[in-house]
Amino acid sequence: MISALAQRSLDLPLEVRRLLWTAAIVVGASLPHWPTLAAWIPVLLLTAVAYRLTIAMRHWPLPPRILRIAAALTAFVAVLFQYRTLNGAEAGSALLVVMVALKFVESRSQRDELVLVMLCYFLIFASALTERGPLWAAYVVVLIWITTVAMLNIGRRGEFLPHRIAARTGGRLLLHALPLAVALFVLFPRLPGPLWAIPGSTSSGATGLSETMSPGDITNLGLSDEIAFRVEFDGQPPRAGALYWRGPSLTNFNGRTWSMLQGTRRGERVADSTEYRGDPTTYSVMLDPNGRNWAFALDMAARWSGENNLRMGSDYQLGTFSSAPRSRRIEYTVTSYVDYRAREPLTPNEIEVFRRLPDDSSPRARALAQSWLVDDPTSTTIIARAMDYLRSQPFFYTLTPPALGAQPVDQFLFETREGFCEHYASAMTVLLRAAGLPARVVMGYQGGELNGFGGYYIVRQSDAHAWTEVWLEDEGWVRVDAVAAVAPERVALGSTRYGGSRGFIASAVLGNTWLRQGMLAWDTINTRWRTWVLGYGPEIQRALLDRFGFGGLRRMQRSAVLLGLAVVATVFFLAGLSGYFAWRKRRRLDVDPAAACFAKFTRQLERVRVRHRAAGEGPSIYAEHAATALPQFAVEIRTIVELYLRARYEPDADGATLAELEAEVAAFRPAQA
């Protein structure tokens, strides 16, 4: 079937075959842009391609010039109306795709087709302006190779080169350019932030934790396998039960929903009031975009670095604290202590804020908390009694809790007794506040999945967690995780694959399947690609220069050194390539390529016991002898000899006959009868 299609394509006129090559390249080059384009733009492109091919097949006239100008103006206005701008990666790519589509409709000559193919190179490279993965890179490499082959064929004055010859020539050209491309990628000075930091669309919704928490919010995240961030530890990581990734703290409570405290409370003082104990843990975080300015760190962060202007807020959370939400991936390094004392001093007004409850909320929970105060217990005793209450009652930790009514805390504590982490954190915080202790809810993530292929942890939205922090006068803020009283396995294992006795998915089963292992291996490939290719920037270049003895340079000096190295590498590469081509040319002059190809043909015949060509024996006489010895290959033998004589003794300015001879010899596979 394939051979029949190939033969059918050869029956088409040369002009139509050139147009088909151009159409394939135009569609292939625009394909990476389709996910970010408005739906009408790919439709316009495909319609333009189909219309122009129909014109060529049926010999219709091209549309008049006035109609083409009107179409171009209409398309320009449509792109401007769709994106409200012509700046940016998405709008610029959309305009380029539309212009290529219209140019394809008006193409009428070989020159127009060459211009279109050249424009497709720009279209391919424009897809690199937004962040792309390794699959896109593999597709682009193949597409550039095919586009180069198309250039070779469309630019010829005569027939196309045989497929094998054209493919080999195109691949050789790209291989010649590869060393220079790698050298420029590594050495050319980078601006702060990677090339792929060009702003794109900001219309995608934020995912992950929000600024408020109501019953069911984190439960929905618990069903999501989407990745929040990745963590690579420098050395031995802490135990799973200590992996609390701190996020926003929620102070205000209206009886159902917790929200963040408005305003800032002297954020500069909290880090100075923290007492760090034990050994530090250093790690790197690769945080995926979430539409917010939050950064997550292992509780408690002591030091951090990175080109992201991270600061610690008044609730011990790291963040960028910029006016615009973060829409791209960031990487930063943190040193944390899992054993610490957050001894932040609170003013009387602040203590009152962290004790506050709505007057008409949770009356039964308030009564329970008040019953613990009859013997004037200490704060530690109150916390222990709250945890003992959860242990002594039939509470369940589940991903499918029932809906709660107007008094969600009371209904959860005394009726349903089924919930996810936000139910337990909310109830515990209300109980402690009702007992007179300053407390708040902290949201973040707990645990993570070790990727054995890459040696790093993956923290997913399903690892989202909420816990309580209570302020004790002598100790400061202390973590109280109510889930540990009901489902200690959840905290000890650090995995939300556990859903309680009424909803359990064994994480070991998921972790041992071939599908899961394949997903982890692919995530490792993507992560390394993001780190070493997409994330290749000034920091990595600085480390590279330090390794070669150029440490301690300022930014401008470093850029000058890199630019000088890039120029030197380019000069050496071009000189080496020129020398290689000169050597190849001299070698070709010494050995006639047609004779070398015919010698290869005779060696193939000798392998199937056709006698050696005698000295002085003409090619035609030898061909007749070989055809007699191998009658089933007589046609192929005579064709090769005829091509050899034409390539050797007749003019062959464009090398078409030699290329055809090489293709026939390469395809010749004799076998002894």
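Helix α18 (residues 514-534) lies across β2, β7 (281-287), β13 (330-336), β18 and β19, and runs at about 105 degrees to β19. Contact here means heavy atoms within 4.5 Å. Axes are lines fitted to C-alpha atoms, for helices over the stretch in contact, and angles are taken between N-to-C directions from 0 to 180 degrees. Helices (H or I, at least four residues) and strands (E, at least two) are DSSP runs, numbered from the N terminus.

The model is predicted: local features need pLDDT of at least 70, side-chain atom pairs count only at pLDDT 80 or more, and totals for chains, interfaces and linings use all residues. Residues are numbered from 1 along each chain as its sequence is written, and side-chain values use heavy atoms, with hydrogens and water left out.

The strands under α18 belong to an open sheet of 6 strands in the order β10-β13-β7-β2-β19-β18, with antiparallel pairing. β10 (301-305) and β18 (449-451) are at the edges with a single partner strand each, so one side of each has no neighbour in the sheet. On average, neighbouring strands of this sheet are turned by 30 degrees against each other, direction ignored. Two strands pair if DSSP finds at least two bridges between them. Strand β2 (residues 227-233) and strand β19 (residues 456-460) are joined in the antiparallel sense over 4 bridges; Phe229 has Val459 in β19 as its bridge partner. Strands of a sheet pair through backbone hydrogen bonds, either parallel or antiparallel.

Another open sheet has 3 strands in the order β8-β12-β11, and its pairing is antiparallel. Its edges are β8 (294-295) and β11 (311-312), each with a single partner strand, so one side of each is left without a neighbour in the sheet. Between β11 and strand β12 (residues 318-319), which run antiparallel, there are 2 bridges. Arg311 has Gly319 in β12 as its bridge partner.

Gln446 sits in strand β17 (residues 439-446). A polar atom of the Gln446 side chain lies 3.2 Å from the backbone oxygen of Ala240.

Helix α11 (residues 363-371) and helix α13 (residues 408-416) have axes that come within 7 Å and cross at roughly 70 degrees. That makes α11 roughly perpendicular to α13 (65 to 115 degrees; under 35 is roughly parallel, over 145 roughly antiparallel and the rest oblique). Pro363, Arg364, Ala365 and Leu368 in α11 meet Val409, Asp410, Leu413, Phe414 and Glu415 in α13. By class, this contact has 6 nonpolar, no polar and 3 charged residues. Ala, Val, Leu, Ile, Met, Phe, Trp, Tyr, Cys and Pro count as nonpolar, Asp, Glu, Lys and Arg as charged, and the others, Gly among them, as polar.

Which backbone values stand apart? Most residues other than glycine have a negative phi, and most peptide bonds are trans. Arg417, in the loop between α13 and β16 (418-419), has a positive phi near 55 degrees and is buried, with a relative accessible area of 16%. Arg84, in the loop between α4 (65-83) and α5 (89-106), has a positive phi near 60 degrees and is exposed at 62% relative accessible area. The peptide bond from Asp299 to Met300 is cis, with omega near 15 degrees; Met300 is in the loop between β9 (297-298) and β10.

Key. Polar contact = N/O pair within 3.5 Å; in protein donor to acceptor, adjacent residues only side chain to side chain. Buried < 20%, exposed > 50% of the residue type's maximum accessible area, 1.4 Å probe, protein only.
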